[in-house]
Each structure stands twice: as structure tokens, then as C-alpha cells.
Amino acid sequence: MAVRVQPRQLAFALPHAESLTRDNFLEGPANEAALSLIESWPDWPNRVMLLVGPEGAGKSHLAAIWAEKAGARSTAAHALSPNAVPGALATGALVVEDLRPADFDERAMFHLLNLAREDAAYILITARVPPSAYEIELRDLRSRLRAVPTVSLSPPDDQLFRGLLIKFCADRQMSIDETVVSYLASRIERSYAAARRAVELLDTEALRLGRPVTRSLAAELLRNV
């Protein structure tokens with residue numbers, strides 16, 4: 001006897017545009033100091049500033065807000081080369097995203113900091129850990145980076161965490177109610193990265209199964225994670 005197999009819906013990993021405007025930035029005690037820095041420009045304590053925080057903490061969002069305000073260009077730290085430095089600073093302001101230990105050209109970074117000083121340019125660097133944790137071969141660069149004033153973003157409090165879950169859902173055009181938000185907020189790690197992963201998983205599975213995003217679906221998924 002032939003057995004009918006229910007076709008399984010495929011879920012395609014389509015890109016989702018995340019809004020990086022000032023109006024869509026969620027404020028809270030965890031990011032208050034960082035947001036204040038961005039909004040106080042150009043009255044910064046130093047022309048080079050560093051934003052440090054965990055993955056998904058909003059560093060790129062804040063950098064995008066500042067770039068719009070300052071007319072800054074943007075580059076990934078690992079992609080910066082010595083020859084590219086003058087062009088990167090052409091507007092007098094630059095975002096250097098995601099500085100990581102042993103994953104950037106030390107000569108390029110040293111050239112960038114020197115040229116920024118000569119041209120009185122502004123630089124905003126984002127990183128997950130402060131430069132004091134890096135092993136840097138160029139002694140002058142090591143001391144220069146460690147002297148850059150740092151503003152830290154902390155883990156989210158409960159109100160901000162719930163807001164992040166709602167925002168990540170809105171970015172994906174997902175409909176979600178308070179029961180799902182409360183369920184997730186009480187059962188997943190309270191971090192920016194965990195909130196993003198949970199929403200991605202819910203979205204993918206809801207699409208694959210052809211089901212709405214409900215508390216019961218969230219419970220099923222978390223049991224299997």
C-alpha cells in the first residue's frame with residue numbers, strides 16, 4: 001500500500017533588513033553612556049573613541065547613527081590596509097567596526113591613528129573586548145590604543161531585553177504577542193546574541209511548519225535546543 005508523505009515546507013534563509021536609525025534604537029541603562037557619547041558629538045573627550053560591548057549589544061547601530069550624523073565612512077577593522085587609510089579618512093570621520101585581537105593590520109591601524117591626529121579627524125572604533133586584552137607587537141600602537149577612551153555597553157536589563165525581542169521580531173515582520181515575549185525572556189540567556197538567535201529560530205521554524213509564532217511553538221523549540 002502506498003504511503004502518502006506530507007510534503008515538508010522549506011524555509012529559505014532570506015536576509016532581513018535591520019533598521020539602524022536613531023528612532024529605532026532601544027535605550028536603557030545598559031547603553032545609556034554609549035548613546036550619550038554618540039549624541040554629544042563633536043564634543044567628545046577625545047577625537048578617537050572606542051565602543052566596547054558583547055555581540056549584538058548595539059555597537060553597529062550606534063556607529064551607524066554616528067556615521068549619519070558625522071558624515072563618516074565605515075570599514076571593517078580586518079579589511080583596513082595602510083594604502084587605504086587616506087581614502088578612509090577623506091571625510092574627516094571614520095567608523096572602524098569589530099576590532100579583534102590578532103585580526104587587523106597593525107601598521108594600518110598605527111597609520112590611521114597618526115593621520116587622524118594630523119588631520120584632526122574623528123574615529124569611532126567598535127570592539128567586543130578592550131585593547132588591553134590584545135597582544136600587539138608594535139609598542140607605540142599598543143600604548144596608543146590602550147590610551148583611547150572607552151565607553152562600555154552592559155548586558156541588557158529586563159525591560160531592554162524584552163524590547164530587543166520585540167524589535168528583532170519587528171525587523172523580520174513577525175507578529176508576536178506578550179505571552180511569547182514573556183516566555184522567551186524568562187527562559188533564554190539574557191544577552192543580545194541569545195535574543196537574536198531565539199527570534200531567528202522562531203522565524204525559521206514558523207515558516208517551515210506554516211504555523212504562527214505562539215508560546216507553544218516557542219516551548220517546543222526551546223525543548224529541542
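1. Lys167 and Asp171 both belong to helix α6 (residues 158-171), where four residues, about one turn of the helix, separate them. Helices here are DSSP runs of H or I with at least four residues, strands are runs of E with at least two, and both are numbered from the N terminus. The two side chains form a salt bridge, at 2.9 Å from N to O; the term means a side-chain nitrogen of Lys or Arg within 4 Å of a carboxyl oxygen of Asp or Glu. Lys167 and Asp171 are both buried, that is, under 20% relative accessible area, where over 50% is exposed and values in between are partly exposed (1.4 Å probe, protein chains only).

2. On the basis of the model: it is predicted, local features need pLDDT of at least 70, side-chain atom pairs count only at pLDDT 80 or more, and totals for chains, interfaces and linings use all residues. Residues are numbered from 1 along each chain as its sequence is written, and side-chain values use heavy atoms, with hydrogens and water left out.

3. The salt bridges number nine. In one of them, Asp203 meets Arg172 with the closest N and O atoms 2.7 Å apart. Asp203 is in helix α8 (residues 192-209) and Arg172 in the loop between α6 and α7 (178-187), so this pair ties together parts 31 residues apart in sequence. Asp203 and Arg172 are both buried.

4. Glu220 and Arg211 form another salt bridge, with the closest N and O atoms 3.1 Å apart. Glu220 is partly exposed, at 29% relative accessible area, and Arg211 is partly exposed at 29%. Elsewhere, shared partners join Arg172, Glu200 and Asp203 into one network of salt bridges.

5. The largest nonpolar core has 49 residues, and among those touching the most other members are Trp44, Trp66 and Leu124. Such a core is a set of buried Ala, Val, Leu, Ile, Met, Phe, Trp, Tyr and Cys residues joined through side-chain atoms within 4.5 Å. A second, separate core of 27 residues includes Leu80 and Leu145.

6. Five strands make an open sheet in the order β2-β3-β4-β1-β5, with parallel pairing; strands pair if DSSP finds at least two bridges between them. Strands β3 (residues 93-99) and β4 (residues 122-127) pair in the parallel sense over five bridges, and Val96 stands opposite Ile125 in β4.
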